[in-house]
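Trainee: I am new to this structure. Could we go through the terms and what backs them?

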Amino acid sequence: MVGQSPAEPRAAVLLQPFVHQVGGHTSMLTYDEHTICKPLVSQELSFYESLPLAMRQFTPQYKGIVSVHLKKDSLGNLTLIASPGLGQPDTCGCLDSAGGDPGVTLWHKCKWSHTQVTKTFKDSCPGKMLLRTDLQYHTDSLLDDANGKQGERKSYNPWGLHCHRQHLNRMSSKHNENKLHQFLLLENVVSKYSYPCILDLKMGTRQHGDDASEEKKARHIKKCEQSTSASLGVRICGMQVYQADSGHFLCKDKYYGRKLSPEGFRQTLRQFLCNGNQLRADLLEPIILRLKALLAVIRKQSSYRFYSSSLLIIYDGQEHKEGADQHLPFPKTHGTKPSRVDVRMIDFAHTTFKGSKSNPNPTLYDGPDHGYIFGLENLIKILQSLLEGK
């Protein structure tokens, strides 16, 4: 930890669900204020270890590997414990560092266990069908101020609870407590935002990896054919947007995204940029600039296929005053003021490329990922039409 000498042992870290997870099926966990972790997949590790320099500004920073194991508390509830020192990077900060995401503070304060996560999920989402509704508000009233009085009511996306519950169930049914699991440590790309508005987009016209079974391949092809993945090369698989008028996050999940027509996709993209009062038109140009910068990079990545990867578009729901640097296409890396918008590629478990260490004999592809490029081009066109008021 920060402030300790290298010889001092590092305390175990109680992992908590990442409260701003809006999509995916793998549980994302909070390691510290600036770091999240996820189960290690060799293909994803290979991608991060050989990441092209030009792509680094568009992906989370890879911080290392940590060992994780299940543990029951005194009440018999399952928790996940990370063991720093077994692959932990030197750059990770203290778990109890001041400030940061209020959601992380909430989870650590409440010591969420398997039973509590399940109960909370059932209370906020009584059945799977509720997760598929258009609007989801998960309001948590457990944030108290220093005097024990209930403070401002916060709302959090229920999808992370859903993924965490399933992950704990899978791990506990297959492994005993002593089994060590390897997890990737990655940059928490939303930690700098007070009210992170996040759009999770599944990119490309193909979602199955080269290693998919025939059954899985057919299932993914069908999902693409029946969604905007086929027509636009992109579909929504999760979203949260802070509503300034109500103080809640409006959330949508992957089931909602699969049903959208191209026009429905466009309207949802517009809704992502609405704060409950007005369209945040000021965000359109910086988002478009950053997407164009990413497009230029992807066009140069020969042999790469980003199957089943996602693209995050992020901005702060708490509006800031105009500044001279706020329309730059790249996020600020220095100073106290975060960038207005960010665009990051995530989830590379099925990404393939020439020279991948995880697969010595990968299927080789020529040129860039045209399905991904198709999705980016359509995404930019739609955002430009919103910018032009069409």
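Mentor: The model is predicted. The protein has eleven helices and 15 strands.

Trainee: How many of the residues count as buried?

Mentor: Of the 390 residues, 53% count as buried.

Trainee: What makes valine 41 partly exposed?

Mentor: Its relative accessibility is 32%. Buried means under 20%, and exposed means over 50%. The value lies in between, so valine 41 counts as partly exposed.

Trainee: Where is valine 41?

Mentor: In the loop between β3 (35-39) and α1 (42-49). Its C-alpha atom is 8.4 Å from that of phenylalanine 183, a residue 142 positions away along the chain.

Trainee: Why is strand β5 called mostly covered?

Mentor: Count the residues of β5, 78-83: six of six are buried. Buried requires under 20% relative accessible area, so each of the six falls below that cut-off.

Trainee: Which residues cover the two faces of β5?

Mentor: Leu78, Leu80 and Ala82 lie on one side, and Thr79, Ile81 and Ser83 on the other; all are buried. In a regular strand, side chains alternate between the two faces of the sheet.

Trainee: How do you know that β1 and β5 pair?

Mentor: Three bridges join β1 (residues 13-17) to β5. Pairing needs at least two, so they qualify. The two strands run antiparallel. Leucine 14 has isoleucine 81 as its bridge partner in β5.

Trainee: What makes β4 and β5 a pair?

Mentor: Six bridges, in the antiparallel sense. At least two are required, so β4 (residues 62-72) and β5 pair. Leucine 70 is bridged to leucine 80 in β5. Five residues sit between the strands of this hairpin, where glycine 76 takes a positive phi near 90°.

Technical notes
Residues are numbered from 1 along each chain as its sequence is written. This is a predicted model: local features need pLDDT of at least 70, side-chain atom pairs count only at pLDDT 80 or more; totals for chains, interfaces and linings use all residues. Side-chain values use heavy atoms; hydrogens and water are left out. Helices (H or I, at least four residues) and strands (E, at least two) are DSSP runs, numbered from the N terminus. Buried means under 20% relative accessible area, exposed over 50%, partly exposed in between (1.4 Å probe, protein chains only).
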